[in-house]
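Let's take a walk through this model, starting with its strands and ending with its charged pairs. Keep the 3D view open as you read.

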Amino acid sequence: MTELTDVSTLLLSRIRDVADYPEPGVVFKDITPLLADPVAFEALTGAFAEIAVRTGATKIVGLEARGFILGAPVAVRAGLGFIPVRKAGKLPGATLSQTYDLEYGSAEIEVHAEDLDAGDRILVVDDVLATGGTAEASLQLVRRAGAEVAGVAVLMELGFLGGRGRLEPALAGAPLEALLQI
C-alpha cells in the first residue's frame, strides 16, 4: 500500500490547477507537468500497465485525446495492442460510432471495428472520469464491436461530478480504477 500511496503522491504533485479555465468557476486539472516529468510519467505508465495485466486485458483503448497520450505507452509496456477511440469524422474507412449526451448537447465517438476481435478484453484508459459520458459511450462501442470490457482505468476521478454512478451499469461488473480521487 505504501508504494501506491507514494505513486499517488508523486502523480498528484505533478498536476497543476488552472483556475477559471476553460470558463469562470472551473478549476482545470493540467497534466502537462506530469507528462514532462519522466519519473512521474513512468510511474503512471507502470501503474496502468499493472491494472492491464491484473484485469487480463488484451488491448488498450485510449479516449481522445489525452487517453492516447496515456494509453499508448501503457499498451507498449504491457505488451498489448492500442486502439484509439476518436471524435466522429477523424478515422478513415469504416467505423462504428456511438452518440452520447453532454451537459449541453451531444457528441459522437468512433472506432475501427476491425481493430477489435470477439476474444479481446479491453481496458479503456483516459486521464479524467468526470460525468462518465465518454467512458460509457466507449464501453458501448467496445461491446458493439464484439469485444469484452476488462475495465476502465483513469488517472483522476472527479467524484463530485458523479461519473462513477453513471458508468457502473455500463461496466457490468468490470472494475473502474482511478489512481487519484479528487
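A crossover is called right-handed if, with the strands pointing away from the viewer, the path from the first strand over the helix to the second runs clockwise. Helices (H or I, at least four residues) and strands (E, at least two) are DSSP runs here, numbered from the N terminus. What you're looking at is a predicted model, so local features need pLDDT of at least 70 and side-chain atom pairs count only at pLDDT 80 or more, while totals for chains, interfaces and linings use all residues. Residues are numbered from 1 along each chain as its sequence is written, and side-chain values use heavy atoms, with hydrogens and water left out.

With that in hand, go to strand 3, helix 4 (residues 66-78) and strand 4, which make a right-handed β-α-β unit. Its two strands also pair with each other (pairing takes at least two bridges found by DSSP between them). Strand 3 (residues 59-63) and strand 4 (residues 81-87) run parallel, with five bridges, and G62 sits opposite P84 of strand 4. Strand 4 has another partner in strand 6 (residues 105-111), this time antiparallel and over two bridges. There, K87 has I109 in strand 6 as its bridge partner.

Next up is helix 5 (residues 133-144). Buried means under 20% relative accessible area, exposed means over 50%, and partly exposed is in between (1.4 Å probe, protein chains only). After the helix comes G146, with a positive phi near 95°.

Now look at D30, in strand 2 (residues 27-30). At 8% relative accessibility, D30 counts as buried. Which side chains does the side chain of D30 reach by polar contact? One is that of R16, at 2.5 Å, and another is that of T32, at 2.8 Å. A polar contact is a pair of N or O atoms within 3.5 Å; within protein, one must be able to donate a hydrogen and the other to accept it, and residues adjacent in sequence count only if both atoms are side-chain atoms. Leaving out residues up to four places away in sequence, D30 touches R14, I15, R16 and V18 (heavy atoms within 4.5 Å).

That leaves the charges. Side chains of opposite charge can pair when their charged atoms come close. The structure has twelve salt bridges, each a side-chain nitrogen of Lys or Arg within 4 Å of a carboxyl oxygen of Asp or Glu. In one of them, D17 meets K29, with the closest N and O atoms 2.7 Å apart. D17 belongs to strand 1 (residues 16-19) and K29 to strand 2, so this pair ties together parts twelve residues apart in sequence.

A second salt bridge joins E177 to R54, at 2.5 Å between the closest N and O atoms. Because E177 is in strand 9 (residues 176-181) and R54 in helix 3 (residues 38-55), that pair links parts 123 residues apart in sequence. R54 itself is exposed, at 53% relative accessibility.

E136 is buried, at 18%, whereas R166 is partly exposed, at 30%. Finally, find K59, D117 and D120, which are linked in a network of salt bridges.
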